[in-house]
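Please look over the sequence and the structure shown below, and keep both in view while reading this briefing. The points that follow are grouped by topic.

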Amino acid sequence: MQKLPGWMKWCLHSPKFAILLFIALCAVTATGASQLYFRGDYKVFFEPDNPQRKAFEDMQNIFNKSENVSFLVVPAAPTVYQSDTFRLIHELTEDAWQLPLSTRVESISNYQHTYAEADDLVVTDLITSGQYGRPHIQWVREVVQSTPEIDGRLVSRNGEVAVINATIQLPDGDQTKEVIEIADYARQLQDKYQQQFPDHAIYLTGMVIMNDAFAVAAQDDAQTLIPAMFVVITIMIALLTRSIVAALATLVIVASCIAVTMGLAGWAGLFLSTATVNVPTMVMTLAVADCIHVIVSFRQFARQGMAKHEALAESLKVNTKPIVITSVTTAIGFLMLNFSAVPILADLGNMTAVGVMLACLFSLTVLPAMLNLAPLRVPGAPKHNASRYHKAGEWVCQRHRRILPVSLLVVAVSLVFSANNELNDIAVKYFGESSTFRQAVNVQEDTMGGMSNIDFVIYTDQEYGVNDPTVLHQVDELTNWLNQQPEVHHVTSFSDTIKRLNMNMNNDDPDYYRIPENKEIASQYLLLYEMSLPYGLDLNNQIDINKSAVRIVAVLDNLGSNEFTAFESRARTWFAGVAPDLRMEAASPPLMFAHIGARNMQSMVWGTILALVLISGLIIIALRSWRLGLVSLLTNLIPAGIGFGVWGMFSGQINMALSVVLSMTMGIIVDDTVHFLAKYQLARQQGQSVRDAIIYTFTTVGQALVTTTLVLAAGFGILTLSSFRLNSDMGALTVIIIVAALVVDLLFLPAFLMWLDKDKSQSRGTQNEIRE
Amino acid sequence: MKFVSRLNLVWLCAAMIIAGPVAAQNAVEQGLTIAKERKARDSGWNNSVASMTMTLRNSQGQEATREMRVSSLEMQQDGDKALTVFDSPRDVAGTAFLSFSHAMEADEQWIYLPAVKRVKRIASRNKSGPFMSSEFAFEDMTSFEVEKFTYNFLREDKYEGEKVFVMEQMPQDEFSGYSKQIVWIDQAHYRVRKVEFFDRKGDALKTLEFEDYQSHEIDGKQFWRPYRSFMYNQQTGKSTELKTNSLEFEQGLDESDFDKNSLRRAR
């Protein structure tokens, strides 16, 4: 064993100075945490130059913004066509104008209905105050059924739900404060009307409510998961060390790692989000693993009769190399998240990587210093653990001929099932069924059929170009085509408006429900209509100021990423065939999420390959053996394969957080392999047979591997409690993969080594095979 | 001594209770006085013809322009009448818009569509709506009448180096798109220099600035007209600039030039 470096010795010899230095360091860096702020909007998932985000933001600058709050009004009676509901809709529509930053409110109450009267064009609200009587209700029902702009958008097609939609103009940049304020106000309105109209259920959906739900999810995680993790640490330490002093020392290390990591993040100008709010949990998990290694070895040596100081030095000697290797490989894995297309996942990676290295540093310096100062008793404990692992080693060696084919079968089956996995980034489905937002989404899905929209913009690049009958016919064809697609529920299109105006201007003659003959007529009808609309109900959300571009909004099922992007390209291809000289863009937040999953997966594949190369290089250098380095590659890949196979068996839904799990777990998987192979190599170099070397490995590192896996599985297992699926899925898959890694290293790897090395030893002898 | 100071306190309270409403009363009266003076300074111009360019901009930097001619007729007992003819964009050229603004009732509006050669009446509830998809609402374009608002004098201040009155005016019409406006009126000529508009939920919505005031002398009286108005919508980042290219008074217009028949004749 090599000697301890001087600075580590210094910590052990001058614990008081070391601790003072440590406290000063913590105090300085941790103050940075006060600069951390929280961002809850969905844009944190996208780089500023993300093409879909750019397309969407350009569209929002040209047309009015489409961030919204929707009130879903569901009467107990099966229809909204009743007096009470009309009163509710009318009053809530009026009140919704009071939502902070609202610029537009739409419902069947203030829908600007047009009809001909004598020679005039009448433009009027559908429901004005007091119009709640039966004849009026009947009239409204008829109007709604003949008006495609509202049927299926502001009232469900079967008439069981009405929607009040408020458009919100959020400021640029961090909007969390405004979002929370708006959502709170919306909930007040919801409560107020729920009380006044007990026969009605009111649900809140829309982009602003989703942004708020992101913030709430992060807050929930911080409030439930962080306490849960402290409970788990306490239990883990209690089980593994049976010492209050050790437990306290570990807690100090954990707390300081978290504080310094968050502090540095604050100084670096990072912010908290639904992803990075879990950095403390992850850092804690890895820090506990490091501390336990040091403490457990220290107690083993102390039990053998060494003095406290000596036992600590000895523990550091045996643990420094594996802890450093594990930390570096884990940090590399987390740093690979920088390849992610999702900026907050890159932040998560960087913050955790820093935390991992801090945990490594603190557990090798400050922890022994504290243990050295603290009064410690060393109870003598029976050592039946080692014999248990000895038996396990024998068991594996005896059955390696059976284990190997079974393992190969498991790997093959996993690979088959991993083909079941499907990219699926649907933002509304990130929220668990228990979240009120998700419940509202479900109601909306059941009654209105999905809330995923794609906005198609047709640019004519000509002033008043949208009124050209050729363009209008093409827009109308696109509208019809969209309406025919099975996944489309509603299409809002200007072509419907202009057809209706043409009819109104011709005494409501249904024969004139068609595109006007020429551009002048269309332009002038539109001018007349626009001049008749009140504040907040203009057509700026459909037509730009030059009348050169028109926006058509299609509402679809909440489809998976691939189906959603496939629909987008289907629509693009179809339109290019119909109108080759018109430029069409598609954009929307659901489309942004649909694309990000695929982009992220792509970039993460490169990240993972790079991580593999780096880590394998590290292992080859650490073990000084090409052969074992290549073996480690195999055992590093199989757990990921099994993990995704199991995932394909039970879920099959891959979201953006899962595409990063591979990089993230890489370091942890490698840790198991490195420990195993290092000890195996040591035994072989001492001249032991393959079988003896494997049994030696089991008895020396078996416990450490099982312990770290348990700690890590418990830590990431906590994430599965999150009601936010990005976090709970990430936790679940990580647990599956690290448990798979342990099983692979304790079953497959020894069996594989028996097969690999035995062949060679029979032909050429053992000693020559191990290269130095 | 103690008794005296307690008595003083009672007097002080009483004085405050009385003085509070009195101050408020004064602010209302003072505001009304300023509004009346503003109207008085601007009456007697009779009629005018102007040619104007309206430039719309959105937050993406796109621009759209509209050319128009506006004939106006001052009415002594009622709001003014105006006839606007659009010269561009080409597809709406020749479209004419006639409006009778009223002090207390809803305004009346008609539009002539040359493509179908018909005059259509426009709903009167749209006064909050945008004029020609600009940031100007109909109610921002119609003539100022004292009765349209209640007032509240706020303070005296300086605006671009000139002494101004700053006051609030609250629209009386339930169909107005505003909860209130804050106006800056210069003390020398009672010209409106700036207006801040607040939407129905009380949030700042738009700012209107009047620039390049030029005076016209009619029958020995000075009338000031802004040759550039700039409306900026804080909520959407959109803006509209209204520039006067030419303005002539005493064009010999009368009421017969402002009826449905004249609308058809307008070119």
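In this predicted model, one side of a helix contact is made up of A249(A), V252(A), I253(A), S256(A), C257(A), V260(A), T261(A), L264(A) and A265(A) in α8(A), and these meet M351(A), V354(A), G355(A), L358(A), A359(A), F362(A), S363(A), V366(A), L367(A), M370(A) and L371(A) in α11(A). Sorted by class, this contact of α8(A) with α11(A) holds 16 nonpolar residues and four polar ones, with no charged residues.

**The two packed helices**

- Helix α8 of chain A covers residues 244–267 and helix α11 of chain A covers residues 343–373, and the two pack at an angle of about 145 degrees with their axes 9 Å apart.
- Where α8(A) passes α11(A), the crossing is right-handed.

**A four-stranded sheet in chain A**

- Four strands of chain A form an open sheet in which the order is β2-β5-β1-β6, and the pairing is antiparallel.
- The edges of this sheet are β2 (102–106) and β6 (200–205) of chain A, and because each has a single partner strand, one side of each is left without a neighbour in the sheet.
- From one strand to the next, the twist averages 15 degrees.
- Strand β1 (residues 68–75) and strand β5 (residues 162–168), both of chain A, pair in the antiparallel sense over six bridges, and S70(A) stands opposite N165(A) in β5(A).

**Helices on the sheet**

- Helix α4 of chain A, residues 83–96, packs on the sheet and touches β1, β2, β5 and β6 of chain A, while its direction makes about 5 degrees with that of β5(A).
- Helix α14 of chain A, residues 436–447, lies across β1 and β6 of chain A and runs at about 110 degrees to β6(A).

**A helix checked by its length**

- Helix α20 of chain A (residues 626–650) has 25 residues, which at 1.5 Å a residue should span 36 Å, and because its end C-alpha atoms are 37 Å apart, the two values agree.
- Just after α20(A) comes G652(A), which takes a positive phi of about 80 degrees.

**Where chain B touches chain A**

- In the contact between the chains, 30 residues of chain B meet 35 residues of chain A.
- On the side of chain B that touches chain A, β5 (108–113) and β6 (118–122) of chain B each supply at least two residues, and the largest share, three residues, comes from β6(B).
- By class, that side of chain B has twelve nonpolar, twelve polar and six charged residues.

How values were computed:
Residues numbered from 1 in each chain as written. Chains lettered and ligands numbered in written order. Predicted model: local features only at pLDDT ≥ 70, side-chain atom pairs only at ≥ 80, totals over all residues. Pairing = 2+ DSSP bridges. Axes fitted to C-alpha atoms, helices over the stretch in contact; angles between N-to-C directions. Contact = placed C-beta atoms within 7 Å. Nonpolar A, V, L, I, M, F, W, Y, C, P; charged D, E, K, R; others polar. Expected span 1.5 Å × (residues − 1). Left-handed = near helix turned anticlockwise from the far one by under 90°.
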